[in-house]
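Work through the exercises below with the model open. Each task is followed by a stepwise solution.

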Amino acid sequence: MDANAPDGRAGIDAALVERLIDAQFPQWSGLPVTPVEVDGWDNRTYRLGADMTVRLPTAAGYVPAVAKETRWLPRLASSLPVAVPPILAEGAPGEGYPFSWSVRGWLPGETADRGRIDDMPRFAASLAEFIKALQRCDATGGPLAGAHSFYRGAPVRHYDEETHRCLAILGGRVDTARAAAVWDAALATEWSDEPVWFHGDLAHGNLLVDNGNLAAVIDFGTSGVGDPACDLVIAWTFFSGESRRTFRDVVGHDEATWARARGWALWKAMLTLVECIDEDPEGAAAQRLVIDEVLADHDLFGN
């Protein structure tokens, strides 16, 4: 979303947040409420005073994440090498707002950006270590991949029909023959080990940096337990060259898992490209680059 979008998206604004806080958490009543500078799409986030945030889902499909994060983030936090959002309270529907919501502790840091990271290979290694630590967390009773995770962590074939639709639309505009080979390779294997924890959306916008170092990982709304291949997509969306090689080496995983990761990356890049190819040249170029990198990676490792 545009960081400069006016307050009020999805019917949520600072005045609503103030009313919810006043009604349900009067101990925090009167603290200033301001939109965060960089907001997400699934939720709206507001700064509450100096040390807290309020996070509100923008639609019903994102609501299951509230209870999931409230239950599981405190259990995961002590086993992870960097900070994750501390959950302070869970709010109920009210004041005309129909969903549950949460209050969290503020995490310092800036959104990850290549310009804020002096040593990309070191950053890649740190993120890989985070992923490995997350996968070592006890998955007993954890939320199995499904609708709540938008099927991240489930077999990638869930998006087979959508991927083939994108291939048909993009015929003559991307190398669909090579793309189809990447997708077929992703479908040819499934995760056969015990389910492990995955984040589900390890995009740069969900990583915070401090002095160029990974400081926190946020937005576990698509997290769950299942196949961790979806957490490797950042290899092509954020890393390149030496940093990508470092990420691959440190995070490990066999070639079958990397084949599924390429499938996840290809599906999302093609879906986004279809949506923006004729209206957003800059966005389309970014998605074409991801597709090209995934195809080249398949040529190098997948055959």
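**Exercise 1. Find the volume and the lining of the second largest cavity.**

Step 1. The volume of the second largest cavity is about 40 Å³. A cavity here is a set of points on a 1 Å grid over the protein atoms alone where a 1.4 Å probe fits but cannot get out, and lining residues have an atom within 4 Å of a point. Points are joined across faces, edges and corners, and a volume is the space filled by probe spheres set on them.

Step 2. Lys68, Glu69, Trp72, Leu73, Leu76, Trp197, Phe220 and Ser223 form the lining of the second largest cavity. Helix 2 (residues 64-77) contributes the most to this lining, five residues. Helices are DSSP runs (H or I, at least four residues), numbered from the N terminus.

Step 3. Sort this lining by class: five nonpolar, one polar and two charged residues. Ala, Val, Leu, Ile, Met, Phe, Trp, Tyr, Cys and Pro count as nonpolar, Asp, Glu, Lys and Arg as charged, and the others, Gly among them, as polar.

Keep the basis in mind: this is a predicted model, where local features need pLDDT of at least 70, side-chain atom pairs count only at pLDDT 80 or more, and totals for chains, interfaces and linings use all residues. Residues are numbered from 1 along each chain as its sequence is written, and side-chain values use heavy atoms, with hydrogens and water left out.

**Exercise 2. How many cavities of 30 Å³ or more does the structure hold, and which residues line the largest cavity?**

Step 1. There are two cavities of 30 Å³ or more. The largest cavity has a volume of about 90 Å³.

Step 2. Its lining is made of Asp42, Asn43, Arg55, Gly61, Tyr62, Ala65, His148, Phe150, Asp201, Asp219, Gly221 and Thr222.

Step 3. The classes in the lining of the largest cavity are three nonpolar, five polar and four charged.

**Exercise 3. Describe the second largest pocket and say which helix supplies the largest share of its lining.**

Step 1. The second largest pocket has a volume of about 180 Å³. A pocket is an open set of points with protein on both sides within 12 Å along at least five of seven lines.

Step 2. Trp236, Gly241, Arg244, Arg245, Arg248, Trp258, Glu293, Ala296, Asp297, Leu300 and Phe301 line the second largest pocket.

Step 3. Helix 7 (241-251) and helix 9 (281-301) each give at least two lining residues. Helix 9 supplies the largest share, five residues.

Step 4. By class, this pocket lining holds five nonpolar, one polar and five charged residues.

**Exercise 4. Work out how helix 7 packs against helix 8.**

Step 1. The axes of helix 7 and helix 8 (residues 255-276) come within 12 Å and cross at roughly 130°. Axes are lines fitted to C-alpha atoms over the stretch in contact, and angles run from 0 to 180 degrees between N-to-C directions.

Step 2. Helix 7 and helix 8 are therefore oblique to each other. Angles under 35 degrees count as roughly parallel, over 145 as roughly antiparallel, 65 to 115 as roughly perpendicular and the rest as oblique.

Step 3. In helix 7, Phe247, Arg248 and Val251 meet Glu255, Trp258 and Arg262 in helix 8. Contact means heavy atoms within 4.5 Å. This contact of helix 7 with helix 8 has three nonpolar, no polar and three charged residues.
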